[in-house]
Each structure stands twice: as C-alpha cells, then as structure tokens.
Amino acid sequence: MSLSLPFQLERHPKVPMVALFGTAVVIGALTVLFSPWKIFAIMLSLLCIVVTLYRPQVTILFLAAYTPFEPFLLKFISDDIYLYARYFSEGLVYLLVGVVLLRLITGKQQLVKTPIDLPFFFFVLIMATSVIVNTVPLATGILGIRQIIRYILLFFAVVQLKPD
C-alpha cells in the first residue's frame with residue numbers, strides 16, 4: 001500500500017518549503033503594517049476555525065475550559081485586540097452551531113431531541129415578549145437576549161455533537 005502525497009510532492013519536494021517561506025513573508029509584511037497582536041489574533045482565529053470545522057469536539061473542550069475564566073483573562077488582553085477577544089468565544093459558539101446545522105442539512109447526523117427543547121423555546125419567546133411589552137430599546141433588548149441565547153445554542157451544539 002503506497003501513500004500518495006498531495007500535489008505530487010514526490011516530484012516537487014521544495015513546494016512545502018516555498019509555501020512556508022511565502023507564508024512567513026506574508027505574515028512578516030502584515031506585522032509591519034498592523035499590530036503584531038492583531039496578526040497573532042488573526043492567525044489564532046484561523047486555526048480555531050479550521051479546528052472547529054474538522055474537530056468540533058475539540059472546540060467544545062476549549063470553550064468548556066475557557067468560558068469560566070473569560071472575564072478574568074480579558075483583563076490582561078491588549079487594547080489592540082480586546083474587541084476581537086471579547087467576541088471570540090461567542091463567534092466559536094456560532095461557528096459550532098453552523099457546523100451542526102451543516103451536518104444536519106447534509107444528513108451526516110440526525111437531529112437529537114431533548115426534553116428541554118420546548119422550555120428553551122418558550123423561554124426565548126418570553127424574553128422577546130418582555131422586550132416588546134416593556135418598551136426596552138430594541139438594540140438593548142437584543143444584546144441582553146444574545147447573552148442568554150449564546151449558552152442555549154452551546155447546549156444544543158453539545159447535544160447534537162454528542163461528545164464522548
């Protein structure tokens with residue numbers, strides 16, 4: 001059984017080195033133009049996106065370890081990347097939900113129903129009704145509901161992915 005390397009690397013062994021050198025040059029140029037912390041944050045974000053797409057259970061483990069300490073860790077983040085770091089974990093939750101929805105749509109996975117589905121639905125409905133009835137400014141109401149929906153979506157992503 002022979003292993004087939006992509007892009008016919010047997011004939012072109014210098015391709016990985018050229019790609020690595022090109023990537024280093026691009027990152028170096030971006031570091032000169034922007035803050036090094038921003039470039040680091042972008043690279044880390046891209047890595048997390050790739051990991052989430054291929055191994056969503058690893059992202060769930062990361063979020064389980066990171067989320068309790070998020071307010072504490074954000075105190076040490078530079079002002080250059082604070083805004084990105086503040087919404088990073090939320091973006092990962094939405095990406096996880098996207099991965100779950102993609103798996104459900106493509107048929108790789110069946111929808112798992114839980115006994116708490118209906119109460120969560122009614123809870124979100126009551127929150128939305130409360131925003132309307134109490135004449136809370138719409139932006140404020142949505143930002144408040146968003147914080148709670150984030151954890152509801154994380155619960156459903158975990159249930160659907162069934163980590164062992």
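Which side chain makes a polar contact with the side chain of R150? Select R150 and look around the end of its side chain: the partner is the side chain of S89, at 2.5 Å. A polar contact here is a pair of N or O atoms within 3.5 Å; within protein, one must be able to donate a hydrogen and the other to accept it, and residues adjacent in sequence count only if both atoms are side-chain atoms.

Before going on, a word about what is on your screen. This is a predicted model, in which local features need pLDDT of at least 70 and side-chain atom pairs count only at pLDDT 80 or more, while totals for chains, interfaces and linings use all residues. Residues are numbered from 1 along each chain as its sequence is written, and side-chain values use heavy atoms, with hydrogens and water left out.

**Stop 1: the whole chain**

Zoom out and switch to a cartoon view. The protein chain has 7 helices and 0 strands, giving the pattern α-α-α-α-α-α-α along the sequence. Helices (H or I, at least four residues) and strands (E, at least two) are DSSP runs, numbered from the N terminus. Of the 164 residues, 24% count as buried. Buried means under 20% relative accessible area, exposed over 50%, and partly exposed in between (1.4 Å probe, protein chains only). Among contacts with a separation of 6 or more, 71% are between residues 24 or more positions apart; contact means heavy atoms within 4.5 Å.

**Stop 2: helix α7**

Look along α7 for a kink of about 30 degrees, centred on Q147. The bend at a residue is the angle between axes fitted to the seven residues ending there and the seven starting there.

Colour the buried residues of α7, among them G141, I145, R146, R150 and L154. What covers the buried residues of this helix includes α3 (56-66), α4 (70-74), α5 (82-106) and α6 (117-133).

**Stop 3**

Return to R150, which counts as buried because its relative accessibility is 3%. Leaving aside neighbours within four places in sequence, R150 is in contact with E70, S89, E90 and V93. Side chains of opposite charge can pair when their charged atoms come close. The structure holds 2 salt bridges, each a side-chain nitrogen of Lys or Arg within 4 Å of a carboxyl oxygen of Asp or Glu.

Select E70 with R150: they form a salt bridge, the closest N and O atoms being 3.1 Å apart. R150 lies in helix α7 and E70 in helix α4, so the pair ties together parts that are 80 residues apart in sequence. Both R150 and E70 are buried.

Next, select R146 and E90, whose side chains meet in a salt bridge at 2.3 Å, N to O. This pair links distant parts of the chain, with R146 in helix α7 and E90 in helix α5, 56 residues apart. R146 is buried with a relative accessible area of 19%, and E90 is buried with 3%.

**Stop 3**

Centre the view on L96 in helix α5, which counts as buried because its relative accessibility is 0%. Not counting residues up to four places away in sequence, L96 touches T52, P56, T59, I60, L63, L154, A157 and L161. L96 and L154 are 58 residues apart in sequence and 7.8 Å apart in space, C-alpha to C-alpha.

**Stop 4: the ends of α7**

Finish with T135, in the loop between α6 and α7. T135 has a positive phi of about 45 degrees although it is not a glycine, and at 67% relative accessibility it counts as exposed. After α7 comes K162, whose phi is also positive, near 45 degrees.
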